Amino acid sequence: MEKLAVVYSRASIGLDAPLVTVETHLANGIPAFTLVGLPEASVREARERVRSALLTSGFEFPAARITVNLAPADLPKEGGRFDLAIAIGILVASAQLPEAPLQQLELLGELALSGEIRHIPGAISASMAAVKAQHKLILPPADAGSAARVEQAQIYAPASLGELVAWLNGQQSLALTKADELPQPTQVPSTGDFRDVIGQNSAKRALLIAAAARHNLLMLGPPGTGKTMLASRLPGILPPLNTHQAIDVAAIESLGGNERALSHWYTPPFRSPHHSASAVALVGGGSKPRPGEISLAHHGVLFLDEMAEFPRAVLDALRQPLESGMVHISRAMQQVTFPADFQLIGALNPSPSGYYQGHQARSNVDQILRYLSRLSGPFLDRFDLSVEVTSLPRGSLNQEPKGLSTEELREQVIQARERQLKRQGCLNSELSGAMLREIAPLNNTEASFLEQAIEKLGLSIRAYHRIWKVALTISDLNQQPLEHAQLVEALGYRAMDRLLNRLTQTV
């Protein structure tokens, strides 16, 4: 007795889901089960899961020499995602199931000992790959609803091995999985209202400008002034994700085994890692590369609170992804690219004591400069705006909160983004220097004014263009052409540069 069966599945390498051919060969000889094709320990354990699942589901486990090859052989395989394909391959090779229905199918799922089909990570990436290959996809019920949101996906979700075999034999029907019902994209996440924040009008204005074009923002101020509260309300004024962005975000989250909540499907992600996080935790990596916080914040916001407490090397690791919108991770066995197009919001105290002026200041100038030097110049150069969040004046706490609500600010952001997309097809923060000169040219007077300002502040050419982009965003919010007033306001959001210059001159 010699029989070969071929079944298709998919691996998970970053956001890619390469095709894996599961070849099952049965031959005469001493009964054995050999699994080859660079499987790791969790894949090799499939021998026991598959054997028990077949027997408890009422099928025969062949008393033969079974060899299962996961091709290509040089592609690392991990997890229980190949259990279902291996089990079906054994059934086909042992003539318990016809081979014909499997030619256009891909099977992914971990098997319980009872034959139940369990959740696997990376189902959305596998669904996108199956659509490109024009294949139908068998997935666990827990993953099918999210994977079915991929356009043109054909997903079937049997609850157990027995149910799948009955469908393949034509003994039972199995309906195409419909995408889970989603909330309307216009629903705003409950993150608190901006109107609840007392005072801090300058910081609110800076957050509005940052949201209008996804500018990076740094908030500087003593403890207890509302920096974290302000940042936590930012997602409420951001426009909802579009369908493709929502799929990308959900695909990244599913790599870690987490399914994105339906209520937050169109909500831009908001990540706020603790300052003890390592470079690998933020950027991603590991012996088997996984996405880090910057990739989990893709199309959303990465908030770094107490930023000066992060190790300097960790912060500097963010510099390249901030420019390119992606991160490349190289390991001995794998090279993986994760998307990392995020908006960075930072908050920090201006000194070790939290204050740099007034009777509460307990640090001298040298100590303050040494504390702030934990943030490298090139890293600070990635911020388009920096604003000081000061202590509230006496009597402010008894006043009624004023200002625009989150809903009103969100409408301004949406309108400003619509102007940018209609004018240039991208947000202002994404404009190149050439596009900026074409869309919003400065006359000689304004260009000279801006050059003198960056020379006085000791800023780079990158900062020159960032100030220019912020001024353009302000003009979009004000529904006015770019003029001197917008440049002046944009230069006003350079609090960190002014503080460093003042401290340096004091030394």
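Biologist: Which exposed residues does the face of α18 turned away from its buried side carry?

Modeller: In this predicted model, that face carries Asn444, Thr445, Gln452, Glu455 and Lys456. A residue is called exposed when its relative accessible area is over 50%.

Biologist: Which residues of α18 are buried, and how do you know that they line one face of the helix?

Modeller: The buried residues are Glu446, Ala447, Leu450, Ala453, Ile454 and Leu457. Seen down the axis of α18, they fall within an arc of 125 degrees, so they line one face. As a general point, an α-helix has 3.6 residues a turn, so residues three or four places apart point the same way.

Biologist: Against what do the buried residues of α18 pack?

Modeller: They pack against α19 (461-478), α20 (484-492) and α21 (495-506).

Biologist: How do you know that the end-to-end distance of helix α18 agrees with its number of residues?

Modeller: Helix α18 (residues 444-457) has 14 residues, and at 1.5 Å a residue these should span 20 Å. The end C-alpha atoms are 20 Å apart, and therefore the two values agree.

Biologist: What is found at the start of α18, and what follows the helix?

Modeller: At the start, a side-chain oxygen of asparagine 443 reaches to within 3.1 Å of the backbone nitrogen of threonine 445. Glycine 458 follows α18, and its phi is positive, near 70 degrees.

Biologist: Why is serine 295 called buried?

Modeller: Buried means under 20% relative accessible area. Serine 295 has a relative accessibility of 1%, and therefore counts as buried. This serine lies in helix α11 (residues 293-296). Leaving aside neighbours within four places in sequence, serine 295 is in contact with Ile252, Val327, Phe338, Pro339 and Ala340.

Biologist: Is valine 165 buried or exposed, and what makes it so?

Modeller: The relative accessible area of valine 165 is 4%, so this residue is buried. Valine 165 belongs to helix α6 (residues 161-168). Beyond its neighbours within four places in sequence, valine 165 is in contact with Phe59, Ile88, Leu91 and Leu97.

Biologist: Which residues have the most contacts inside the largest nonpolar core?

Modeller: They are Leu54, Ile86, Ile88, Leu107, Leu161, Met307 and Leu318, in a core of 81 residues. Helix α3 (residues 83-93) gives the most to this core, with 9 residues. Another core, of 51 residues, lies apart from it, and Leu230, Leu436, Leu472 and Ala490 are among its members.

Biologist: What makes strands β1 and β2 a pair?

Modeller: Pairing requires at least two bridges. Strand β1 (residues 3-10) and strand β2 (residues 19-27) are joined by 8 bridges and run antiparallel.

Key:
Residues are numbered from 1 along each chain as its sequence is written. This is a predicted model: local features need pLDDT of at least 70, side-chain atom pairs count only at pLDDT 80 or more; totals for chains, interfaces and linings use all residues. Side-chain values use heavy atoms; hydrogens and water are left out. A nonpolar core is a set of buried Ala, Val, Leu, Ile, Met, Phe, Trp, Tyr and Cys residues joined through side-chain atoms within 4.5 Å. Buried means under 20% relative accessible area, exposed over 50%, partly exposed in between (1.4 Å probe, protein chains only). Helices (H or I, at least four residues) and strands (E, at least two) are DSSP runs, numbered from the N terminus. Contact means heavy atoms within 4.5 Å. The expected span of a helix is 1.5 Å times one less than its number of residues. The arc is that of the directions from the helix axis to the C-beta atoms. A polar contact is a pair of N or O atoms within 3.5 Å; within protein, one must be able to donate a hydrogen and the other to accept it, and residues adjacent in sequence count only if both atoms are side-chain atoms.
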